[in-house]
Amino acid sequence: MTRYGMVIDLNRCTGCRACMTACKVENNTPQANFWMNVFRFEENEYPNTRVWFMPRPCMHCNNAACVKVCPTGARFKREDGLTLTDWERCIGCRYCEVACPYGVNYFNWKAPEENQYLDWDDAELVTELGNDGLPYANPDLELSYGPEDRFTAGGGHYKGVVEKCTFCVHRLENDLIPACADNCPTDVINFGDLDDPSSKVSMLLGEKPSYRLLEDVGTDPNVYYIGGTPPNSETRQIEEIKVRV
Amino acid sequence: MTTQNETLPYEVGRLTRGWIAMVAVLLILMGVGGYAYYLQFTQGEIVTGLRNLGTMGGATWGLYIVFLVYFIGLSFTGISIAAMIRLLGLEKIKPIARMAETMTVIALILGAMTIMVDVGQPLRAMVNLFRYARPGSPFFGTFTLVIAGYLFASQIYLYLDGRRDAAILAKKPGRFQRFFRLWAAGYKGTPAEKKRHNQASFWMAIAIVPLLITAHSTLGFVFGLQAGRPGWFSALQAPEFVALAGVSGFGLLICIAAIIRKVLNAEEKLNQDVFEWLGNFLMFLIVAYLYFMVVEWLTATYSSGGAEASVSNALFTGEYAWMYWLTVATLLIPFGLLVYQFIFKRYRLAWIVASGFMVNIAAVVKRYLIVVPSQTHGTLLPYGIGSYSPTWVEYAVVLGIFAFGTLMFVLFIKIFPIMNIPENSEGGE
């Protein structure tokens with residue numbers, strides 16, 4: 001069986017946030033939505049300060065809290081370990097969002113055209129675009145994927161539904177790895193099949209000690225971290241990402 | 001108003017000037033709420049104060065969920081009073097049975113409406129919640145057990161309870177005669193019929209008491225089962241919801257009964273005895289809830305750290321402290337008043353009504369404290385503190401829903417007697 005997962009090497013991460021940009025470009029995520037989010041942390045006081053960075057995609061948990069609470073089954077587990085949202089079925093109750101301990105879910109508060117990084121009040125720009133919509137829109141997001149044939153990629157970011165990191169399901173189906181992993185300049189994010197002993201992710205986990213975030217909540221995530229320790233109560237966020245739309 | 005209708009009891013069919021003014025005010029409030037919801041429906045929930053957890057630093061469940069829990073909590077009274085009359089033979093509280101059942105039915109309808117205004121895709125929700133229903137979701141119980149099952153059961157009770165009175169009123173000519181005849185559905189009041197009626201409601205009362213506990217617990221499980229939300233994840237959540245449902249439900253019933261007593265000049269029927277009983281019962285429910293609060297407070301503060309401490313600090317000393325201590329005060333003051341009256345047997349109607357009103361403030365604020373702080377202060381990853389303040393749209397929508405419920409209640413009062421017709425009344429048995 002395939003079980004997709006990530007192994008994130010914190011030793012290598014420079015906190016450049018290129019993965020966040022890659023995710024935005026690939027998935028056309030709305031303003032203030034960060035399916036991939038890089039925490040910038042600091043710990044202790046001078047002269048013992050330590051600064052470190054932690055990318056946070058969706059954990060694609062095996063025992064996902066969001067899947068358990070979804071009243072309509074819009075959030076579901078795929079055979080290959082992906083935790084996906086069917087934006088055609090989601091009713092926008094946001095139960096997944098309050099159930100998720102990692103805070104990876106984003107609700108679309110506005111209509112897509114008001115929610116994108118584009119000045120829709122600029123008449124000249126809008127005329128230039130014509131009927132093509134966003135100049136950077138990714139057409140693959142609107143298609144259905146997988147054996148279930150469900151609408152699980154980013155979609156058009158329609159109003160009133162919840163979305164989150166998809167592990168770039170539309171790229172996986174075309175034998176590409178997720179955009180964040182592909183775009184990382186220092187090879188921090190390793191993506192692959194955790195059930196295949198010869199995959200790079202399995203090898204890395206065999207070589208080095210690893211942890212997963214909030215293991216005591218019992219979610220059994222598929223994202224592993226190596227080369228660091230989990231954030232603790234002394235960890236402070238610096239250059240914090242907090243944007244309201 | 002015709003002379004015929006004047007013979008109907010409890011001002012059924014009589015439209016007074018005050019009543020019309022009240023309906024006008026309610027319609028205006030509903031209009032404002034409707035406009036606010038129109039804005040939300042067309043522009044998206046950006047017009048509310050709700051935002052995403054985590055990097056957006058907000059609360060994604062807010063005032064709507066607070067009032068969903070509040071409305072469903074109110075439904076506690078109808079069934080419990082009906083069951084107590086049948087099972088414990090508490091004949092003296094019979095005059096409040098019908099208003100309690102009416103309140104229950106309306107409160108459940110309002111609860112269902114609150115869910116629909118909260119979800120982002122309400123039209124889709126009406127289909128998908130049934131088409132793709134998943135029993136694994138704690139929400140499933142809210143729709144099936146609470147809204148559907150409970151609403152159905154309360155309506156049956158309201159119907160059965162009203163049949164005798166409908167049969168009496170159907171004998172009088174008037175505008176509503178056909179309606180009463182329909183309700184009575186051939187009921188004549190023969191001894192055999194009465195016996196069957198009593199038996200049916202007795203067995204229904206027995207079946208419904210477990211539903212009472214399960215339904216309110218189910219709503220508690222919506223929060224209590226979430227291991228990822230400090231402040232929610234607790235085995236106490238379910239029993240606490242049952243207790244607070246009782247507190248708010250009986251509190252509001254006292255207020256409604258007092259208003260009806262005043263408006264219909266029903267001092268004799270809704271006498272001091274009824275209010276004494278209601279007050280004493282409310283007192284025991286408050287004791288149960290205060291006990292849960294103390295247990296919860298000790299568990300949260302004694303040894304915890306991390307996100308759990310962040311939530312409890314925000315509650316007891318931080319941002320939400322004024323609300324928390326307001327809840328404590330609005331529970332302790334009624335408790336003091338009711339205990340004093342209970343011990344010295346010196347009952348004062350005004351005190352009982354004030355207690356009923358105050359515990360409802362406590363119930364709304366406490367629900368806010370259950371829903372919101374765990375989202376703004378309870379993130380397990382170090383996202384930082386979030387914030388939430390409802391916008392006018394949320395207030396207007398909630399007020400509109402309230403007005404709709406009140407309107408249904410005052411309309412019902414005008415088409416059906418809100419209290420049972422006395423045994424010896426004309427045309428009766």
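Biologist: Why is A:Asn28 called buried?

Modeller: In this predicted model, A:Asn28 has 20 other C-beta atoms within 10 Å. A residue counts as buried if 20 or more lie within that distance, so A:Asn28 is buried.

Biologist: Where is A:Asn28 found, and what is its phi?

Modeller: A:Asn28 is found in the loop between helix 1 (18–27) and strand 2 of chain A. Its phi is positive, at about 50°, although A:Asn28 is not a glycine.

Biologist: What makes B:Ala185 buried or exposed?

Modeller: B:Ala185 has 11 other C-beta atoms within 10 Å. Residues with 12 or fewer count as exposed, and B:Ala185 is therefore exposed. This residue is found in the loop between helix 7 (177–184) and helix 8 of chain B. Phi of B:Ala185 is also positive, near 45°, in a residue other than glycine.

Biologist: Which angle do helix 8 and helix 9 of chain B make, and why is helix 8 called oblique to helix 9?

Modeller: The axes of helix 8 (residues 191–224) of chain B and helix 9 (residues 237–263) of chain B cross at roughly 125° and come within 7 Å. That angle makes helix 8 of chain B oblique to helix 9 of chain B, because 65 to 115 degrees would count as roughly perpendicular and over 145 as roughly antiparallel. The crossing of helix 8 and helix 9 of chain B is right-handed.

Biologist: Which residues meet where helix 8 of chain B touches helix 9 of chain B?

Modeller: From helix 8 of chain B, the residues include B:Ile213, B:Leu219, B:Phe221 and B:Phe223, and from helix 9 of chain B they include B:Phe241, B:Val242 and B:Ala245. By class, this contact of helix 8 with helix 9 of chain B has 8 nonpolar, 5 polar and 1 charged residues.

Biologist: How many helices and strands are in chain A, and how do you know that chain A is as compact as a globular protein of its length?

Modeller: Chain A has 8 helices and 11 strands. The radius of gyration of chain A is 18 Å, and the globule rule gives 18 Å for 245 residues, so chain A is as compact as a globular protein of that length. The C-alpha atoms of chain A fill a box of roughly 55 × 45 × 30 Å along the principal axes. Buried residues make up 45% of the 245 residues in chain A. Of the contacts in chain A between residues at least 6 apart in sequence, 64% join residues at least 24 apart.

Biologist: What makes A:Glu239 buried or exposed, and how far apart are A:Glu239 and A:Arg40?

Modeller: A:Glu239 has 11 other C-beta atoms within 10 Å; with 12 or fewer, a residue counts as exposed, so A:Glu239 is exposed. A:Glu239 lies in the segment after strand 11 (236–237) of chain A. A:Glu239 and A:Arg40 are 199 residues apart in sequence and 6.5 Å apart in space, C-alpha to C-alpha.

Biologist: What is the omega of the peptide bond from A:Tyr46 to A:Pro47?

Modeller: Omega is near 5°, and the bond is cis. A:Pro47 is placed in the loop between strand 2 (37–43) and strand 3 (50–56) of chain A.

Biologist: How many residues of chain A are in contact with chain B, and which element of chain A gives the most?

Modeller: In chain A, 46 residues are in contact with 41 residues of chain B. Helix 3 of chain A gives the most to this side, with 4 residues. By class, the side of chain A that touches chain B has 27 nonpolar, 10 polar and 9 charged residues.

Notes: Residues are numbered from 1 along each chain as its sequence is written. Chains are lettered from A and ligands numbered from 1 in the order in which they are written. This is a predicted model: local features need pLDDT of at least 70, side-chain atom pairs count only at pLDDT 80 or more; totals for chains, interfaces and linings use all residues. Axes are lines fitted to C-alpha atoms, for helices over the stretch in contact, and angles run from 0 to 180 degrees between N-to-C directions. Helices (H or I, at least four residues) and strands (E, at least two) are DSSP runs, numbered from the N terminus. Angles under 35 degrees count as roughly parallel, over 145 as roughly antiparallel, 65 to 115 as roughly perpendicular and the rest as oblique. A crossing is left-handed if the near helix is turned anticlockwise from the far one by less than a right angle, and right-handed if clockwise. Two residues are in contact if their C-beta atoms, placed from the backbone, lie within 7 Å. Ala, Val, Leu, Ile, Met, Phe, Trp, Tyr, Cys and Pro count as nonpolar, Asp, Glu, Lys and Arg as charged, and the others, Gly among them, as polar. The radius of gyration is taken over C-alpha atoms; the globule rule is 2.2 Å times the number of residues to the power 0.38.
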